[in-house]
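Here is a short briefing to keep beside the model while you look around. Take a moment with the sequence and the fold, then read on.

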Amino acid sequence: MNKKVVNVAVGVIVKEDQYFVCKRSDEQHQGGLWEFPGGKVEKNESVEQALVRELAEEIGIEVKSSSHLLTVEHDYGDKAVRLVVHTVADFTGEARGLEGQPSQWVDLEKLQALAFPSANVAIIEALSTKK
């Protein structure tokens, strides 16, 4: 039986060599780990539309433009995800956790030291090789 794959739009928010990350609540899948903000792509929605909507709802920024970084497919066993990751350096507003989630700006070294869901490892590796 094929497992349903959840399509997720992910934003790597960058400002002055810092990356914005949020901590997942303990009740969520992969709870207690850090993540790049984003969310599920809804039916009849493009990845770009989902990214703009999710980043406005979750962290209060308005995306002006983004560029595709990579796509990650990962099977957690209980859930399979396809992360379509975009770099967002052109935005307005001040990024903050609007849903009560802890959030912070970190440099690449600190980013590499944080605990992330395993699907996010490829994102951090991609950012590390870009430097």
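What share of the chain is helix and what share is strand over residues 3–129? Over that stretch the chain is 22% helix and 42% strand, with the end C-alpha atoms 32 Å apart; helices (H or I, at least four residues) and strands (E, at least two) are DSSP runs numbered from the N terminus.

This is a predicted model, in which local features need pLDDT of at least 70, side-chain atom pairs count only at pLDDT 80 or more, and totals for chains, interfaces and linings use all residues. Residues are numbered from 1 along each chain as its sequence is written, and side-chain values use heavy atoms, leaving out hydrogens and water.

**Overall fold**
- The protein has 3 helices and 7 strands.
- Along the sequence they follow the pattern β-β-β-β-α-β-β-β-α-α.
- The C-alpha atoms fill a box of roughly 45 × 35 × 30 Å along the principal axes.

**Nonpolar cores**
- A nonpolar core is a set of buried (under 20% relative accessible area, 1.4 Å probe, protein chains only) Ala, Val, Leu, Ile, Met, Phe, Trp, Tyr and Cys residues joined through side-chain atoms within 4.5 Å.
- The largest core has 24 residues, and Phe36, Leu83, Leu111 and Ile123 have the most contacts (heavy atoms within 4.5 Å) inside it.
- Among the elements that each supply at least two residues of this core are strand S1 (5–15) and helix H3 (121–130).
- S1 gives the most to this core, with 5 residues.
- Apart from this core lies another, of 13 residues, including Cys22 and Val88.

**Burial**
- Of the 131 residues, 40% count as buried.

Technical notes: Buried means under 20% relative accessible area, exposed over 50%, partly exposed in between (1.4 Å probe, protein chains only).
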